[in-house]
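Subject: The structure, and what turned up in it

Hi,

Here is the structure I promised to pass on.

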Amino acid sequence: MGFHEKRLILRAKAGDYAAFGELVTAYQDKILYLIYDFVRNYEDAKDLAQDVFIKAFERLDQFEGRSRFSTWLHRIAVNQALDFKRRHKKMKVQDLESSLLNRDEFHDRQPFPSAERSLEQQELRIQLEHCLGEVSENQKTAVILKYFHQQSTEEIAELMQCSEATVRTHLFRAIQHLRKSLILNELDR
Amino acid sequence: MEGPLECTEKTMAWLDGALARQEAGKWADHVERCETCRAFAADYRIISHALSHRQRTGPFKSMLDSYHTELSRLFSVKSAPPRRSWVDRLLLSPAPAMRLGQAAAMLVLGISLGWFLTRQPSREKESVTVVMDQTAAATARPIDDFFHESEIWLLDVMNLPQNGKLADQEWKVTRSYAERLLGQIVIIREMSKADEEKQVQTYLDGFEILLLDMINSQKNDRSEILMQIRQAITELDLLFRADMIRDQIQSDHQHI
Ligand SMILES: [Zn+2]
C-alpha cells in the first residue's frame, strides 16, 4: 500500500468524503472486472460493484490496515459476487463463447506477435474459460484472482481466509481439471 | 518418495516460486528427472499464460461511462457551496411543499436570528473567540471542515423531497455519511474541554439529535409535508447556527 493510498484511507476514515471518492476512482474498473469474471454480465457487475463500494464505505472503520486495502476491497467484491451467484443460481449464464466473439473495445493486450499464434491462443482461452465453469467455487475463485487479476497466493489466502497451501491446492486441482479437459478435447477431434 | 499427485502439486508450488531457495534447487532437479512433473510444468506454463493473457470482452464504452458517472455521483467530491449559497439553492427550489417549508423556515430563521442575537451576550461571543485563540492551530481546521461537511450534508438532506424517491444506494450512502459525521462530533467533543465552548457544544448537540433523527427515521416518514416543514425548519436553524459559529471562527482568524 503506497503512502498516498494510506493517507487517503486515513482521511476517508476520518470522514473525508472526497478521499473515499479518490479510492473509488482508483479501484472502480478493477472491481467491475473482477465481479464480471464471476457473474459474466456487465449490468449485474455494475450494480454489484456499486454495492461493493457502498459496503466498503460503511465498513471502513473495520479496515485495520493489516492487509492491503486492495485485498480488503477484493474480498468484499468476491463475497458480493459469490453471494449473488448463489442467489441467482438458476439464472441463465451469458454464453461465454458468444460473448468472446462479441468483443468490442477491449483490445488492450496483444501479447502474441503472430496472428496465427494469436488465433490458436484465443481458441485455447475460450476452451479454458469454458472448462473453468466446471470447477468448484473455491477453485474458480482462486483461478480468477490469480490469473485474471494477478493476485499473489498470499493475497488470495488472506482474501479467501485460508492458508496459502490451501490456495495452492485449489489452484492445482483447477489446473489439473483444465489440463484433463483440454486433453479430452484434443482427443475428440 | 512422493506419489505422482503429490509431486506435481509440489511442482506447482515450485513454479509459483513458493519454495525456499534450497528446496527449489532440489525440486528443479526432480522436475528434470520426473516425466510426470516435466509434462505438468510444460502444460502449466501454457495454461497459466493463456489465463493470464486473455483479452477481456466488453463492456461497451457507454456502459462503462455510465458506471463511472453513477459512482462519482455517489462518492464524488461534493462541490463546496459558496458561502450562503444554501439560501439561493433553497429559493430556487421548485417543489411547492418545499416552498411552503422554506417560507416557514425563513420565518423561523428570522425569529431564531433575533433569538440568537439577543440571547447571546457579547461576553459569550468573546468566550468562543478565546477558545479558538487558545487552540487555533489544533482545532480550527477540523472544526472548519466539520461545519463545511455538515452544511453540504444538510443541503443534501434538504433536497431529498425535491429528488423524489431516493434510490436505495443513495440513501445508504447518505446514512453512512451521517454516521460518519456523528463520529466526527465525538472527536470534536473530545477536543473541547473548557466551559467557554458551551456554544459549540450546543450546536453539536442539536446537530447530533438531527442526525440521529435522520438515521432512525424511515424514508417514507419524510414524505409527509408537515414532517418536511418541521424538518426544514430544524435544518435551516442548524445551518444558520453553523454559519454563525463559522463567522466567529473566521473573524477570529482575521484578528490573528
Ligand atoms: Zn514428479
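A term you'll need first: a crossing is left-handed if the near helix is turned anticlockwise from the far one by less than a right angle, and right-handed if clockwise. Helices are DSSP runs (H or I, at least four residues), numbered from the N terminus, while strands are E runs of at least two.

Bear in mind that this is a predicted model, where local features need pLDDT of at least 70, side-chain atom pairs need 80 or more, and totals for chains, interfaces and linings use all residues. Residues are numbered from 1 along each chain as its sequence is written, chains are lettered from A and ligands numbered from 1 in the order written, and side-chain values use heavy atoms, leaving out hydrogens and water.

Within chain A, α2(A) passes α4(A) in a right-handed crossing. The α2(A) side of the contact (heavy atoms within 4.5 Å) includes A:Leu23 and A:Tyr27, and the α4(A) side includes A:Phe69 and A:Lys85. Its residues split into 14 nonpolar, 2 polar and 1 charged (nonpolar is Ala, Val, Leu, Ile, Met, Phe, Trp, Tyr, Cys and Pro; charged is Asp, Glu, Lys and Arg; polar is the others, Gly among them).

As for chain B, it has 11 helices and 0 strands. Of its 256 residues, 45% are buried (under 20% relative accessible area, with exposed over 50% and partly exposed in between, using a 1.4 Å probe and protein chains only). Among chain B contacts with a separation of 6 or more, 77% join residues 24 or more positions apart.

Cheers
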